[in-house]
Amino acid sequence: MLANMPRRRGALIVFEGVDRSGKSTQTALLTQNLSSHQIPSILRRFPDRTSTTGALISSYLSSTSEPELSDEAIHLLFSANRWEAVKELEDALLNGTTVIVDRYAYSGVAYTAAKGLDLNWCKGPDKGLLTPDLVIYMEIPIEVAATRGGFGGERYEKIEFQEKVRGCFKQLKEQDPTWRVIDADRPVEEIQKDIVGTVLEVIERVKEMPIGHDLWS
Ligand code: T5A
Ligand code: NA
């Protein structure tokens with residue numbers, strides 16, 4: 001009997017947004033809510049600071065002195081950090097597990113392009129990564145994000161830079177039909193309610209579709 005049952009895959013759900021837009025808060029809640037709906041899921045984040053590339057990235061981000069790595073080199077490391085995870089993410093999806101990802105290639109492009117590098121060059125290294133089924137973009141004014149806990153600690157946490165990042169995200173959003181913009185300047189539970197509704201719809205819609213391996217290609 002089991003062999004004849006249709007194979008269902010999980011959905012790849014990506015969260016994006018500027019620093020302190022609430023991605024980690026919402027992804028953690030979403031995992032709990034999916035579990036209460038008996039939907040298997042895992043939560044991953046990029047950068048994954050636990051791998052070899054992740055350790056280099058973490059030290060780059062936490063230092064405020066002149067960086068040893070060029071803008072191009074750190075960009076490629078962030079991308080390598082995602083490529084390292086492809087097999088694990090794909091295996092989970094094929095197993096029927098929904099994969100929730102806190103930042104992905106869109107952050108990769110937005111933060112490097114905000115330094116003035118060409119947006120299309122920035123997309124290059126992530127071309128061909130697993131394609132998200134849904135990108136939830138946490139929309140928030142930078143002034144609001146800046147008042148939230150922890151803002152100001154790491155290399156990129158400056159208001160002027162975050163405004164540029166926000167502009168780059170806007171350009172990426174215009175090119176991509178899988179983006180859903182969520183007003184992130186609201187109470188946590190209200191935001192989560194919208195997210196759960198959207199995510200359940202997407203999980204149902206894509207369950208029999210093939211996994212995409214063609215981000216930006
Ligand atoms: N980066 C990342 C690149 O340059 N290239 C790349 O390829 C990638 C993947 C680290 C940096 O790396 C850059 C981008 C980043 O600058 P990170 O580790 O994801 O990326 O960053 P973190 O510092 O861990 O997380 P963020 O700053 O992005 O914060 P979140 O996850 O958006 O926000 P969250 O949920 O932690 O909330 C922040 C604070 O706000 C409160 C929370 O309690 C918390 O104190 N909060 C709210 N307050 C009021 N109302 C709400 N609705 C709230 N939601 C959360
Ligand atoms: Na976070």
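A residue counts as buried if 20 or more other C-beta atoms lie within 10 Å of its own, as exposed if 12 or fewer do, and as partly exposed in between, with C-beta atoms placed from the backbone.

What you see is a predicted model, in which local features need pLDDT of at least 70 and side-chain atom pairs count only at pLDDT 80 or more, while totals for chains, interfaces and linings use all residues. Residues are numbered from 1 along each chain as its sequence is written, and chains are lettered from A and ligands numbered from 1 in the order in which they are written.

Let me start with the core. The largest nonpolar core has 44 residues, and those with the most contacts inside it are Ile13, Val101, Ala110 and Ile136. Helix 5 gives the most to this core, with six residues; helices (H or I, at least four residues) and strands (E, at least two) are DSSP runs, numbered from the N terminus. Leaving aside residues up to four places away in sequence, Ala110 touches Val165, Cys168, Phe169 and Leu172, where contact requires C-beta atoms, placed from the backbone, within 7 Å. As general background, nonpolar side chains in soluble globular proteins tend to be buried together.

Next, helix 9. Spanning residues 188–206, helix 9 has 19 residues and reaches 27 Å from its first C-alpha to its last, close to the 27 Å expected at 1.5 Å a residue, the expected span being 1.5 Å times one less than the number of residues. Which residues of helix 9 are buried? They are Ile191, Gln192, Ile195, Val199, Ile203 and Val206, and because they cover an arc of only 90° around the axis, they sit on the same side of helix 9; the arc is that of the directions from the helix axis to the C-beta atoms. The face turned away from that buried side carries the exposed residues Glu190, Gly197, Glu201, Glu204 and Arg205.

Turning to the ligand, of the 23 residues around ligand 1, Gly22, Thr25, Gly108, Tyr111 and Gly149 come nearest, a residue being near if its C-beta atom, placed from the backbone, lies within 6 Å. Helix 1, helix 5 and helix 9 are the elements that give two or more residues to this shell.

Finally, the backbone. Most residues other than glycine have a negative phi, and most peptide bonds are trans. Gln38, in the loop between helix 1 and strand 2, has a positive phi of about 60°, and Arg103, in the loop between strand 3 and helix 5, has a positive phi of about 75°. Are these two residues buried or exposed? Gln38 is exposed, with 6 other C-beta atoms within 10 Å, whereas Arg103 is buried, with 22. The peptide bond from Phe46 to Pro47 is cis, with omega near 0°, and Pro47 is found in the loop between strand 2 and helix 2.

Conventions
Core = buried A, V, L, I, M, F, W, Y, C linked by C-beta atoms within 7 Å. Contact = placed C-beta atoms within 7 Å.
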